[in-house]
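Welcome! Here is a short briefing to read alongside the structure.

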Amino acid sequence: MVVVHHLENSRSQRILWLLEELGVPYDVKRYERNKETMLAPPELRAVHPLGKSPVITDGAVTVAESGAIVEYLVDRYGNGRLVPPAGTPERLRYTYWLHYAEGSAMPPLLMKLVFDRVETAPMPFFVKPIARGIAGKVKSTFIEPQLKLHFDYLESELGKATWFAGEEMTGADVQMSFPIEAAAARGSGTSGRPRLAAFLQRIHARPAYQRALAKGGPYELMR
Ligand SMILES: N[C@@H](CCC(=O)N[C@@H](CS)C(=O)NCC(=O)O)C(=O)O
């Protein structure tokens, strides 16, 4: 039986969604974030040394890293579903987006989260203007332009086909859902980008997505 080690309000939500799309039975083991640091609890390190989510166990097998988990589940349980046939241009796009989500889209989003926190973190009054000045500068000169570059690119890519890898929904869309949802929650991403907004509406309307939400519990991404 597949067990998803699911950290609240996190990337592992998309793995529940994938399992629902595939119709694979699974158990969810829930973990709560530390309220102050927002980090995962130490128990997750007993499953995988990094203690990050998602991580799945499937019998004797443990798989971490969401792109690898998507690939594993689609290969093991998909019977050809949610992955374009090998050797096609769609398959190459599938591989590209599977890597792009965590390799390229998430780093500037994570940086925005961190520098937003620096701006609001409690600190001695005399340090505040300096810390805020640095954070504001990094955001305006690097992070915001990078986010615009990436999300304009995504908007234009969705003009080429309905889904990221082509006309069929695939595991790449599951993988890409998180950066787009995270960007939407953080006030960038979908505003003024109708194709990205439509992508989110389309996935949120899927019965499998809603079943996954019911299993995973409340899903509110960090702003
Ligand atoms: N690239 C990894 C990122 C894993 C990751 O950072 N997960 C976050 C949840 S969204 C996490 O576990 N955060 C809590 C922590 O770092 O303690 C993946 O896609 O699986």
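The ligand sits in the largest pocket, meaning that more than half of its atoms lie within 2 Å of the pocket's grid points. This is a predicted model, where local features need pLDDT of at least 70, side-chain atom pairs count only at pLDDT 80 or more, and totals for chains, interfaces and linings use all residues. Residues are numbered from 1 along each chain as its sequence is written, and side-chain values use heavy atoms, with hydrogens and water left out.

**The pocket**
- A pocket is found on a 1 Å grid over the protein atoms alone, as an open set of points where a 1.4 Å probe fits, with protein on both sides within 12 Å along at least five of seven lines.
- The largest pocket holds about 830 Å³ of space, a volume filled by probe spheres set on the points.
- Its lining has 32 residues, with Leu-7, Arg-11, Arg-33, Lys-52 and Ser-53 nearest the centre; lining residues have an atom within 4 Å of a point.
- Helix α3 (residues 89–120) gives the largest share of that lining, 7 residues; helices are DSSP runs (H or I, at least four residues) and strands likewise (E, at least two).

**Around the ligand**
- The ligand is surrounded by 13 residues, and Ala-40, Lys-52, Ser-53, Glu-65 and Ser-66 are the closest (a heavy atom within 4 Å counts as near).
- By class, this shell has 4 nonpolar, 3 polar and 6 charged residues; Asp, Glu, Lys and Arg count as charged, and Gly is among the polar ones.
- Ser-53 places a backbone N or O atom 2.8 Å from a nitrogen atom of the ligand.

**Backbone details**
- Ser-53 is also joined to Pro-54 by a cis peptide bond, with omega about 10°.
- Met-38, found in the loop between β2 and β3, has a positive phi of about 65° although it is not a glycine.
- Most residues other than glycine have a negative phi, and most peptide bonds are trans.

Definitions and conventions
Polar contact = N/O pair within 3.5 Å; in protein donor to acceptor, adjacent residues only side chain to side chain.
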